Amino acid sequence: MPMTDPQREKLAELVRSKPVVLFMKGNRRFPACGFSQQVVGILDQLTPTYETVNILADPEVREGMKEFSSWPTFPQLYVKGEFVGGCDIVKDLFASGELQKLLGGDGGAELKAPKAPTVTISATAATAFQEAAADAGAEVLRLEIDPDFNCDLHFGPPVPGDVEVKSAGVTLHVARGSLSRADGVSIDFIQGPKGPAFKIDNPNEPPRVKRVGPRELKAMLDAGKVHLFDVRPDAERALASITAARKLDAKTQEDILAMPKDAPIAFHCHHGGRSRGAAEALLREGFTNVYNLEGGIEAWSAEVDPSVPRY
């Protein structure tokens, strides 16, 4: 059904409400999907203040923004009332430096050069890189570290926005979006169980989300050894719910953040994707004992409690 003029005006006011507005799944502290988490990670590096709108909390905004932006997916980023794009576009603009200019004020003032990270390459790794470079032609050695701290070390074409780092006679191109995650990284070349391999140690890598199955989670709940939170919106919770799970809303977010950093906390959603985003966001707040229900409430119904409806 086409959007009405009042609906369109309401959304127009929303995108103009702040200089930077991100329509996303979840919120800044608790992104509810990996794509939203990536854009939040980028914005957090560039600007201390921006507005997030949780499209999962308002179906009218969720459906309306698809038509308003002529963009079918989320997140959607607006700067000064103008639509910028979704996750891939934001990442590309960040890598090229254009997003920094867009957020940096009038006229796209000259940006300061980004701080190069400190990367240590061992002598054995340097030798291996130099030997590989002989066959690489015009390609360069690049390092990318995604928000989940997965490392991609490879020879490839140079990318605008990369920052060059030199160590042990080797020039390493670090992706702009990886700079903060790469600082302090050390790269070695070792003899592993499957043969020679590069070993990357990253002191920035946070604790990982712990995967937990339905039966294991039930045992933990029965023993009172975990707090469980449901990240789904009310419409989904009305269809099916786990009795022990509390709704993740503003109040429960405050309650969680007031808990000890080692408190055992678990999240669930329908299939496990959105809740993983919330769990990873909690790790970034310094929590160390965070779980995600693999398979979500769907797996819980199949393996633990068949009385919970499947949808």
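Good morning, colleagues. The model on the screen is a predicted one, and every value I quote was computed from it.

I begin with the chain as a whole. It has 311 residues, of which 43% count as buried. Its secondary structure consists of 12 helices and 16 strands. The C-alpha trace extends over about 60 × 55 × 35 Å along its principal axes. Of the contacts with a separation of 6 or more, 62% are between residues 24 or more positions apart. As for charge, the chain carries 36 positive and 43 negative charges, and their mean positions are 4 Å apart.

I turn now to the interior. In soluble globular proteins, nonpolar side chains tend to be buried together. Which residues have the most contacts inside the largest nonpolar core? They are Val 119, Ile 121, Phe 129, Leu 172 and Ile 187, in a core of 18 residues. At least two residues of this core come from each of helix H6 (123-133), strand S6 (140-145), strand S8, strand S9 and helix H7 (179-182). There is also a second, separate core, with 17 residues, including Leu 248, Ala 278, Leu 283 and Phe 287.

Let me stay with Ile 187 for a moment. Beyond four places in sequence, Ile 187 touches Val 119, Ile 121, Phe 129 and Leu 172, among others. Its partners also include Thr 120, Ser 122 and Lys 199.

Next, helix H4, residues 87-96. Which of its residues are buried? Among them are Cys 87, Val 90 and Phe 94. These three lie on the same side of H4, because they cover an arc of only 65° around the axis. An α-helix has 3.6 residues a turn, so residues three or four places apart point the same way. Asp 88 and Asp 92 are exposed on the other side of H4. The buried residues, for their part, pack against helix H2 (34-46), strand S3, strand S4 (82-85) and helix H5 (98-103). After H4 comes Gly 97, with a positive phi near 90°.

I would now draw your attention to Met 65, which is in helix H3. Is Met 65 buried or exposed? Met 65 counts as buried because its relative accessibility is 0%. Val 15 is 50 residues away from Met 65 in sequence, and their C-alpha atoms are 9.8 Å apart.

Two of those partners lead us to the backbone. Most residues other than glycine have a negative phi, and most peptide bonds are trans. Ser 70, in the loop between H3 and S3, has a positive phi near 55°. With 63% relative accessibility, Ser 70 counts as exposed. The peptide bond from Phe 74 to Pro 75 is cis, with omega near 15°. Pro 75 belongs to the loop between helix H3 (59-69) and strand S3 (76-79). Elsewhere, Ala 168 also has a positive phi, of about 55°, and is found in the loop between strand S8 (163-167) and strand S9 (170-174). Ala 168 counts as partly exposed, at 41% relative accessibility.

Asp 230 lies in strand S13, residues 227-230, and its relative accessibility of 0% is why it counts as buried. What does Asp 230 touch beyond four places in sequence? Its partners are Arg 237, Ala 245, Arg 246, Lys 247, Leu 248 and His 268. Of these, Ala 245 is 15 residues away along the chain, with its C-alpha atom 5.7 Å from that of Asp 230.

His 270 is in the loop between strand S15 (265-268) and helix H11 (273-284). This histidine is also buried, at 10% relative accessibility. Its contacts, leaving out residues up to four places away in sequence, are Arg 232, Glu 236, Gly 295, Gly 296, Ile 297, Glu 298 and Tyr 311.

That concludes my presentation. Thank you for your attention.

Definitions and conventions. Residues are numbered from 1 along each chain as its sequence is written. This is a predicted model: local features need pLDDT of at least 70, side-chain atom pairs count only at pLDDT 80 or more; totals for chains, interfaces and linings use all residues. Side-chain values use heavy atoms; hydrogens and water are left out. Helices (H or I, at least four residues) and strands (E, at least two) are DSSP runs, numbered from the N terminus. Buried means under 20% relative accessible area, exposed over 50%, partly exposed in between (1.4 Å probe, protein chains only). Contact means heavy atoms within 4.5 Å. Lys and Arg count as positive and Asp and Glu as negative; His and the chain ends are not counted. The place of a charge is taken as NZ of Lys, CZ of Arg, CG of Asp or CD of Glu. A nonpolar core is a set of buried Ala, Val, Leu, Ile, Met, Phe, Trp, Tyr and Cys residues joined through side-chain atoms within 4.5 Å. The arc is that of the directions from the helix axis to the C-beta atoms.
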